[in-house]
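Keep the sequence and the model side by side while reading.

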Amino acid sequence: MHEQTFAEVPVAGDELAAAQAGRPGAARTYAESLTRRGQLDQALPWWEKAAGEGDAQAARTLAIVHRDRWDFAEAERWYRTAADRDGGCAFGLATLLAEAGDPAAAEEWYARGAELGSVECLTNGALLRAGRGEWDEASALLDEAAESGDRTAAHARHGIRTIRYELEKCATALAEAERNGDPEAAYDALRELKDPEHRHMFDAYPRLVAEAEALFARAAAAGSAVALVDQAVFVARDPRRWPEVRALAERGHELGYSGAAYVLGVWWEAAALTAASASIGP
């Protein structure tokens with residue numbers, strides 16, 4: 001996803017007197033001059049004056065400063081002052097809302113920012129859709145953003161297409177193994193999904209995890225004890241499902257897969273270390 005950073009400010013040479021006299025644009029010019037010299041605190045009142053005069057970049061600058069100082073309420077306030085007319089502020093507001101755990105509001109502002117011409121909003125809105133498994137809608141938006149020159153969109157589009165292709169290829173091979181009643185072939189059909197290169201895609205898009213889990217469940221139903229443990233690995237991404245994880249691994253052990261005991265041991269050791277760390281405290 002795109003992230004927002006404190007942008008470089010252009011060179012300015014207007015003096016304090018011009019800003020004090022209220023000359024149009026002078027408050028922002030003086031604020032930029034102070035900021036360039038590292039006098040950010042002294043610049044803030046002038047950024048605020050410029051923002052109050054309707055300068056969207058000044059509002060965005062103030063929001064970024066407060067966000068970087070962990071004052072998220074003040075950052076949100078400044079983003080909102082111009083988010084309905086500035087794509088950069090809409091983007092900043094949406095990202096702030098997403099980080100605060102409000103994806104619905106974030107998606108709304110990404111959409112509004114995209115309408116204002118922000119390609120970053122277009123890309124991040126698409127990635128939220130992809131996270132829910134809305135592949136067709138996300139792909140169309142990523143196509144649009146990539147055609148506008150957004151490298152983040154192009155990279156995400158390639159990654160999604162690659163993993164979707166792998167899932168479809170695995171599903172086809174699995175279906176053939178199921179028809180033939182071949183448990184070993186059923187498991188082999190899914191080996192590609194265990195490639196470490198795909199891990200970041202599963203981290204980024206939870207819907208992919210559900211699809212992979214479902215395929216390993218089918219391989220397990222076809223008689224593969226090993227697939228039960230790999231299904232458990234995907235289920236284990238949700239800590240609320242630990243009883244299900246344990247049951248799957250134990251079932252794999254009962255069916256004769258020796259590696260299931262090792263996996264259970266690793267998980268139990270990790271759980272014990274986590275519990276011990278929690279009991280010790282900071």
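A residue counts as exposed when its relative accessible area is over 50%, as buried when that area is under 20%, and as partly exposed in between. The model is predicted, and the values below are computed from it.

Start with Trp70. This residue sits in the loop that joins α4 (56-68) to α5 (72-80). Most residues other than glycine have a negative phi. Trp70 is not a glycine, yet its phi is positive, at about 70 degrees.

Next come the aromatic rings. Two rings pair if their centres lie within 6.5 Å, and planes over 60 degrees apart count as edge-to-face. The model holds five aromatic pairs by this rule. One of them joins Trp70 to Phe72, with 5.7 Å from centre to centre and 65 degrees between the planes, which makes the pair edge-to-face. Phe72 is partly exposed, because its relative accessible area is 36%, a value between the limits of 20% and 50%.

Another edge-to-face pair is formed by Phe202 and Phe234, whose centres are 5.1 Å apart and whose planes stand at 75 degrees. Phe202 belongs to helix α12 (residues 199-204) and Phe234 to helix α14 (residues 225-235), so this pair ties together parts that lie 32 residues apart in sequence. Phe202 and Phe234 are both buried. Together with Phe216, they make up a cluster linked by ring pairs.

Arginines also meet rings in this model. Arg112 places its charged end over the ring of Trp109, at 4.0 Å from the ring centre. Arg77 lies over the face of Trp78, with 4.5 Å to the ring centre.

Phe216 leads on to helix α13, where it is one of the buried residues. What length should this helix have? Helix α13 (residues 206-221) has 16 residues, so at 1.5 Å a residue it should span 22 Å; the C-alpha atoms at its ends are 23 Å apart, which agrees. Its buried residues also include Leu208, Val209, Leu215 and Ala219, as well as the acidic Glu211 and Glu213. Among the elements that cover these buried residues are α9 (135-147), α10 (151-180), α11 (183-188) and α15 (242-254), along with α12 and α14. Just after α13 comes Gly223, with a positive phi of about 115 degrees.

Methods
Residues are numbered from 1 along each chain as its sequence is written. This is a predicted model: local features need pLDDT of at least 70, side-chain atom pairs count only at pLDDT 80 or more; totals for chains, interfaces and linings use all residues. Side-chain values use heavy atoms; hydrogens and water are left out. Helices (H or I, at least four residues) and strands (E, at least two) are DSSP runs, numbered from the N terminus. Rings of Phe, Tyr and Trp (its six-membered ring) pair if their centres lie within 6.5 Å; planes under 30 degrees apart count as stacked, over 60 as edge-to-face and the rest as tilted. Buried means under 20% relative accessible area, exposed over 50%, partly exposed in between (1.4 Å probe, protein chains only). A charge sits over a ring if NZ of Lys or CZ of Arg is within 6 Å of the ring centre and within 35 degrees of the ring normal. The expected span of a helix is 1.5 Å times one less than its number of residues. Contact means heavy atoms within 4.5 Å.
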